[in-house]
Amino acid sequence: MTSESAVSAAAVDELGARLKAYEGRPAAVAGSGKDPVNEPMIRHWCEAMGDTNPAYTGPDAVAPPTMLQAWTMGGLSGHSGRTGAYDELFDLLDEAGCTSVVATDCEQEYLRPLRPGDEVTFDAVIESVSDRKTTKLGTGYFVTTRMDVRVGQDLVGTHRFRILKYAPARRKPKTGSAPRPRPVVNRDNAGFWEGVERHQLLIQRCTDCGTLRHPWLPGCNTCGGPDWDTVEASGDGTVYSYVVMHHPPFPAFDPPYAVGLIELAEGVRIVSNVVGVPYDKVRVGLPVRLEFRRYDDGDGDEGGPLVLPVFRVLEGREGGVG
């Protein structure tokens, strides 16, 4: 190890030790929700998410569990219970050149349903700071905070939020066209992308009530049932809505191009590209047909060719719908 490398490693170890000292320190103490759990917010949430579960309406309504964080948000004015530890931690990272941040994941645990009228309080702690990590985005540290949400003395849920605070990597300019961004594949949607690789567009179907749903979710929005199977889409659809992308430009795309919200014959909707006609000929109501396109990456370091579902306007129909 050269003397320069030894100095750099020592500086990193010193920074890591300083960051680790923040583990266990409170980020918020005795915070309280700006509003009690209430029916209007539940209704707005369900309308925005398309969640029609009857458990969220009526005299015995409960709040959707995934609204847990919504009741703790401080808005533009923030919360009075916030401590300075989290800001101090970020200042240390900024001084070390880790000036960029990206949210990586969150975990929530629900212990009992929240009901209209519940007054929410919470405490938050800096749960962990990782060792120095190098990713494609750059080099930095993963910071995890845990928020415990209570009603009275009862713990009703826990929210963990993890971010990467990093120094952006210097990227070498690439020759030729850039590869398309890869979809984020997780345990909830892996089956969908496995179907796409086989040139099948699979739709989830609740085995309790038969409701079809897309995008893929771990549970049914209609009845709450966790069990499901799939049906294969016929491939027929219409343009329900669309936008034409002009800006900002992305290296892998050539604007302007049309992005459509496609209503499938089965009744669910999917976002995808509309192809086969110029972008300015796309119209609401155009009939389209599913096809699968293969995109070959220029550098081959992302796991091979990428297959994506797109929708082609049926020949001779591009000008007939207003």
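**Reading cysteines and helix ends in a predicted model**

Tutor: Let's start with the cysteines: counting pairs of cysteine sulfur atoms within 2.5 Å gives zero disulfides. Keep in mind that this is a predicted model.

Student: What is a disulfide, in general terms?

Tutor: A disulfide is a covalent bond that links the sulfur atoms of two cysteines.

Student: Are Cys98 and Cys209 buried or partly exposed?

Tutor: Cys98 has 5% relative accessibility, so it counts as buried, the cut-off being under 20%. Cys209, at 38%, counts as partly exposed.

Student: How much of the protein is buried?

Tutor: Of its 322 residues, 34% are buried. The protein exposes about 18,600 Å², and 52% of that area comes from carbon and sulfur atoms.

Student: Let's move on to the fold. How many helices and strands are there?

Tutor: There are four helices and 14 strands. For contacts between residues at least 6 apart in sequence, 66% join residues at least 24 apart.

Student: Which residue caps the N-terminal end of helix 2?

Tutor: Asn38 does, for the helix spanning residues 39-49. One of its side-chain oxygens sits 2.9 Å from the backbone nitrogen of Met41.

Student: And what comes just after helix 2?

Tutor: There you will find Gly50, with a positive phi of about 70°.

Definitions and conventions: Residues numbered from 1 in each chain as written. Predicted model: local features only at pLDDT ≥ 70, side-chain atom pairs only at ≥ 80, totals over all residues. Heavy atoms only, no water. Buried < 20%, exposed > 50% of the residue type's maximum accessible area, 1.4 Å probe, protein only. Polar contact = N/O pair within 3.5 Å; in protein donor to acceptor, adjacent residues only side chain to side chain. Helix = DSSP H or I, 4+ residues; strand = E, 2+ residues; numbered from the N terminus. Contact = heavy atoms within 4.5 Å. Areas by Shrake-Rupley, 256 points an atom, 1.4 Å probe, with all protein chains shown as cover.
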